[in-house]
Amino acid sequence: MFDLRYHVASLAAVFLALVIGILVGVGIADRGLVDKAKKSLLEQRVASLRAQLNQASQRSATAAREQAAAQSYIKETYPVLVHNRLRGKRLALVFVGRVKEELRSPIESALTDSGAVQVRLRALKVPVDDRQLDSRLAAFGGQQDYIGKARLERLGRALGQELVSGGETPLWNVLTDSLVEQQAGGTKQPVDGVIVARTVPPQRDGTSRFLFGLYEGLSSQSVPAVGVESIDASSSAVAVYRSAGLSSVDDIDKPAGRLALVLLLDGSPSGQYGLKRSADDALPAFPSVAARG
């Protein structure tokens with residue numbers, strides 16, 4: 001998505017480099033190494049570049065005001081736009097890492113405002129202890145397909161599928177003590193959508209493969225699966241969400257982000273939404289009647 005702020009920043013960097021070069025030339029001219037006509041030309045080019053930068057800055061300021069106005073409008077209309085839009089829908093919330101209130105609060109606000117019901121919350125311990133997982137799986141038998149480091153992605157995928165589909169969840173039954181540090185709600189009910197929030201830095205090796213499999217499992221179940229983060233997240237998970245097939249919202253702490261989350265859970269086209277450069281657009285299109293089921 002085109003962002004005028006970054007365009008202006010790039011222009012500023014180019015202009016600054018040019019101006020420095022020109023000013024060096026002017027300094028040489030002042031020492032008598034360049035004739036007065038060339039010095040005058042250099043000065044004119046500096047003035048021209050400064051004027052262009054000023055115009056770009058003014059456009060940036062205008063864009064910033066327009067963006068602020070749009071955010072204000074969304075904030076005022078948000079309650080009406082989301083009211084009962086997800087009424088009665090059962091949703092699961094997965095934290096990769098500890099639950100953080102600065103993420104949990106806006107997510108739960110969006111669910112409450114739209115009439116959704118959070119039936120399941122899981123906060124995962126990371127990094128995963130693959131030896132402990134293997135030991136648990138071996139002790140309970142019948143889970144040989146998921147034992148071993150090379151199979152962590154397959155294990156994550158199966159756990160993601162179980163989390164969404166509910167019913168009998170043999171893997172979660174065996175591994176909850178090893179994988180989960182905080183939970184709420186049972187496993188029986190299927191869910192109509194799932195939200196993922198990563199609160200830890202990007203993981204490596206086996207944990208990275210396990211999480212990628214988990215995301216793929218969540219996104220494979222024909223219900224909306226959305227990864228969220230705040231606008232000032234220290235490390236973005238949007239790229240991995242995209243690769244695993246999840247939609248994403250990168251400004252969940254803003255009214256526009258909460259609206260985007262509700263729309264995606266209601267059946268809007270999947271994609272990456274928000275205010276960061278990785279976003280496809282600020283907001284998804286409103287879902288059609290057919291998409292809402």
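# A guided tour of the predicted model

Begin by selecting Leu 155, Leu 159, Leu 175, Leu 179, Phe 210 and Tyr 215: of the 35 residues in the largest nonpolar core, these touch the most other members. A nonpolar core is a set of buried Ala, Val, Leu, Ile, Met, Phe, Trp, Tyr and Cys residues joined through side-chain atoms within 4.5 Å. Buried means under 20% relative accessible area, exposed means over 50%, and partly exposed lies in between (1.4 Å probe, protein chains only). At least two residues of this core come from each of β1, β2, α4, α5, α6, β4, α7 and α8 (238-244). Helix α5 supplies the largest share, six residues.

The model is predicted, so to speak of local features requires pLDDT of at least 70, and side-chain atom pairs count only at pLDDT 80 or more, while totals for chains, interfaces and linings use all residues. Residues are numbered from 1 along each chain as its sequence is written, and side-chain values use heavy atoms, with hydrogens and water left out.

**The whole protein**

Colour the model by secondary structure to find nine helices and seven strands. Helices (H or I, at least four residues) and strands (E, at least two) are DSSP runs, numbered from the N terminus. Of the 293 residues in the protein, 43% are buried.

**Around Leu 155**

Return to Leu 155 and display its neighbours. Not counting residues up to four places away in sequence, Leu 155 touches Leu 133, Leu 137, Tyr 146, Leu 171, Leu 175 and Phe 210; contact means heavy atoms within 4.5 Å. Apart from this core lies another, of 30 residues, among them Ile 74, Leu 103, Leu 261 and Val 262.

**The sheet**

Next, select the strands. They form an open sheet of seven strands with mixed pairing, in the order β3-β2-β1-β4-β5-β6-β7. Two strands pair if DSSP finds at least two bridges between them. At the edges are β3 (180-184) and β7 (272-273), each of which pairs on one side only. Strands of a sheet pair through backbone hydrogen bonds, either parallel or antiparallel.

Strand β2 (residues 117-124) runs antiparallel to β3, and four bridges join the two. Look here for Arg 122, which stands opposite Gln 183 in β3. With β1, by contrast, β2 pairs in the parallel sense over seven bridges; Val 96 has Leu 124 in β2 as its bridge partner. Six of the eight residues of β2 are buried.

Helix α9 (residues 255-265) lies across β1, β4, β5, β6 (247-249) and β7, at about 160° to β6. For such angles, axes are lines fitted to C-alpha atoms, for helices over the stretch in contact, and angles run from 0 to 180 degrees between N-to-C directions.

Move to Pro 127, in the loop between β2 and α4. A cis peptide bond joins Val 126 to Pro 127, with omega about 0°.

After α4 comes Gly 141, with a positive phi near 70°.

Select α6 as well: seven of its ten residues are buried. They are Leu 171, Trp 172, Val 174, Leu 175, Thr 176, Ser 178 and Leu 179. Their cover includes β2, α4, α5, β3 and α7.

**Last stops**

Select Asp 205, in helix α7. Although Asp 205 is not a glycine, its phi is positive, about 55°, and with a relative accessible area of 56% it is exposed. Ser 222, in the loop between α7 and β5, likewise has a positive phi, near 65°, and counts as exposed at 77% relative accessibility.

Finish with Glu 76 in helix α2 (residues 36-82), which is exposed at 59% relative accessibility. Glu 76 and Pro 255 are 179 residues apart in sequence, yet 9.0 Å apart in space, C-alpha to C-alpha.
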